[in-house]
Amino acid sequence: MPYSQLAGRTAVVTGAASGMGAATARLLAASGARVALLARRADRIESLAEAITSTGGQAVAVRVDVTDQASITAAANRVHAGFGRADLVVNAAGVMLPNPIDAGRADEWQRMIDTNLSGALRVIAAFTADLIEAAADGGTSDLLNISSIGAHVTFPNYAVYSATKAALTHLSASLRTEFGPRDVRVTNIEPGLTDTELGDHIDNPTLGHGGQLGEFFKAIGPLSADEIADVVAYAASRPRHVNLRQIIVLPTRQA
Ligand SMILES: NC(=O)c1ccc[n+]([C@@H]2O[C@H](COP(=O)([O-])OP(=O)(O)OC[C@H]3O[C@@H](n4cnc5c(N)ncnc54)[C@H](OP(=O)(O)O)[C@@H]3O)[C@@H](O)[C@H]2O)c1
């Protein structure tokens, strides 16, 4: 369901090539926001931008790798050139690469830290001035970080992923002390099991869709990406003085 309060907002959504980011971008655009779609797969974000514009929405595809500072700087310049100042930033880009800690997968640890934590930080830094200026001009201004229930609940094999999400949740909490007094809302959303491409990159067959993750899907029944997008859009569409600061959204069967 679109949220008409979002009409005229200017959104930046990372992870817009698939899953929650793509669903959020679609819903924000359907609600009347201009939406910059950020991810690495140009074909995906370009076809999503086309789908949005062909139905009367406003979207621009901006290829970015959030692990690369130069790529973020170039992407922020493109967003500013296309749409001007952003007032709604959604950090949805992320990777989840579980393995037992004694597998010693330093490559995966680094990729998760670079994407889920440092990547989110780079995006925040690129748009902080926009968010603060938009709020100072009397507008509604939002930073929404997609963390995970893994920030609180421990799972075997997910130690590093969960650590990156715990760091993101804590970053959101800390940023509120700097952003809140300047009327910029920070919303930290912690989803549970959701049906997206996130598990497709797991390279341990006992943990992927054919193993532990597949069993979770069968036992719990995942949320859809559209259901998470609805939570994002609902939070961003509240009156400017109302901040839904911390949201945990789980399938009813997930403990
Ligand atoms: N699905 C779940 O059960 C679940 C639960 C809790 C939290 N989350 C979190 O939700 C967020 C969204 O994930 P999702 O579930 O929607 O999975 P997804 O479909 O895999 O989406 C992840 C997105 O991040 C982008 N991405 C990955 N690495 C990137 C990079 N280096 N630079 C730019 N973009 C990058 C991907 O696009 P490209 O590959 O094209 O770059 C993709 O669009 C993630 O932060 C995830 O940790 C998911």
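Tutor: Residues are numbered from 1 along each chain as its sequence is written. The model is predicted, with local features needing pLDDT of at least 70 and side-chain atom pairs counting only at pLDDT 80 or more, while totals for chains, interfaces and linings use all residues.

Student: What makes the chain as compact as a globular protein of its length?

Tutor: The chain has seven helices and nine strands, where helices (H or I, at least four residues) and strands (E, at least two) are DSSP runs numbered from the N terminus. Its radius of gyration, taken over C-alpha atoms, is set against the globule rule, 2.2 Å times the number of residues to the power 0.38. For 255 residues the rule gives 18 Å and the chain has 17 Å, which is close, so the chain is as compact as a globular protein of that length.

Student: Why is Ala236 called buried?

Tutor: A residue is buried if 20 or more other C-beta atoms lie within 10 Å of its own, exposed if 12 or fewer, and partly exposed in between, with C-beta atoms placed from the backbone. Ala236 has 28 such atoms within 10 Å, so Ala236 is buried. Over the chain, buried residues make up 46% of the 255 residues.

Student: Which residues does Ala236 contact, leaving aside its neighbours within four places in sequence?

Tutor: They are Leu6, Leu88, Asp142 and Leu144, a contact being two C-beta atoms, placed from the backbone, within 7 Å. Asp142 is 94 residues from Ala236 along the chain, and their C-alpha atoms are separated by 6.6 Å.

Student: Which residues are closest to the ligand?

Tutor: The closest are Gly15, Gly19, Arg40, Arg41 and Gly94, among 31 residues that surround the ligand; a residue counts as near if its C-beta atom, placed from the backbone, lies within 6 Å.

Student: Which helix gives the most to that shell?

Tutor: H1 does, with three residues. Helix H1 (19-30) and helix H4 (106-136) each supply at least two.
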